[in-house]
Amino acid sequence: MKRSLAAQVSILLAAYAIIGGLVTLCGWAFDVPRLADWDNDGVAQMPNSAIAVMAAGAALLCAQFGKRKAGRALGAFVALLALATLFELGTGVNLGIDTLIFHRPWGQAGTVTPGRMGLPGAMALAIIG
C-alpha cells in the first residue's frame, strides 16, 4: 500500500521523536551529558520530557498504522505527564515524578526544579497529548 506524502512525513517525524528521546534517555542512563544536552549549553532535556516525546512519537506511529486505541492511550499518557508537571509548576507541589527515573547533577542549569521539564515543554506536550 502506497502512503501519501503527508503520511510518510508523519512517520518520519514520529521516528525522529522516538530516536531523539531514546538518545536523550541514553545520555541520562549512561551518564553522558552531551547526549541529553543537544546544544551543549548546560541545560539538558529532562528524562520525563524525553519519555513524553517518545510516547508522542509512538502515538503518531500508532495512528498511522491503524492502532487507534494504543495511540489514544499513549497520547493520554503524554497529556497526563505534562499536566502533572504543569500542576507541579503552578502549585509548587512536588509529585516526585521529576527524579523518578534518573537524577544526575548535570543538565540542571536552567531548571526550576531538578529533573523537571520547563513550562514551555510541559505546555506543548499537554497540547500534543
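**Basis.** I worked on a predicted model, in which local features need pLDDT of at least 70, side-chain atom pairs count only at pLDDT 80 or more, and totals for chains, interfaces and linings use all residues. Residues are numbered from 1 along each chain as its sequence is written, and side-chain values use heavy atoms, with hydrogens and water left out.

**Helix α3.** I noted its buried residues, among them P47, N48, S49, A50 and C62; buried means under 20% relative accessible area, exposed over 50%, and partly exposed in between (1.4 Å probe, protein chains only). The cover over the buried residues of α3 includes α1 (5-29), α4 (68-91) and α5 (119-128). After α3 comes G66, with a positive phi near 80 degrees.

S49 sits in α3 and counts as buried because its relative accessibility is 9%. Leaving aside neighbours within four places in sequence, I found S49 in contact (heavy atoms within 4.5 Å) with M117 and L125. D31, in the loop between α1 and α2 (33-36), has a positive phi near 55 degrees although it is a residue other than glycine. D31 counts as partly exposed because its relative accessibility is 43%.

**Pockets.** I used a 1 Å grid over the protein atoms alone: a pocket is an open set of points with protein on both sides within 12 Å along at least five of seven lines, a cavity is a set where a 1.4 Å probe fits but cannot get out, and lining residues have an atom within 4 Å of a point. The largest pocket holds about 200 Å³, volume being the space filled by probe spheres set on the points, which are joined across faces, edges and corners. Of its 16 lining residues, V53, G121, A124, L125 and I128 are the closest to the centre. The second largest pocket has about 150 Å³, and its lining includes Y16, W38 and V53. Its largest share of lining, four residues, comes from α1.

**Cavity.** I found one cavity of 30 Å³ or more. The largest cavity is lined by P47, N48, I97, D98, T99, L100, I101 and F102.

Key
Helices (H or I, at least four residues) and strands (E, at least two) are DSSP runs, numbered from the N terminus.
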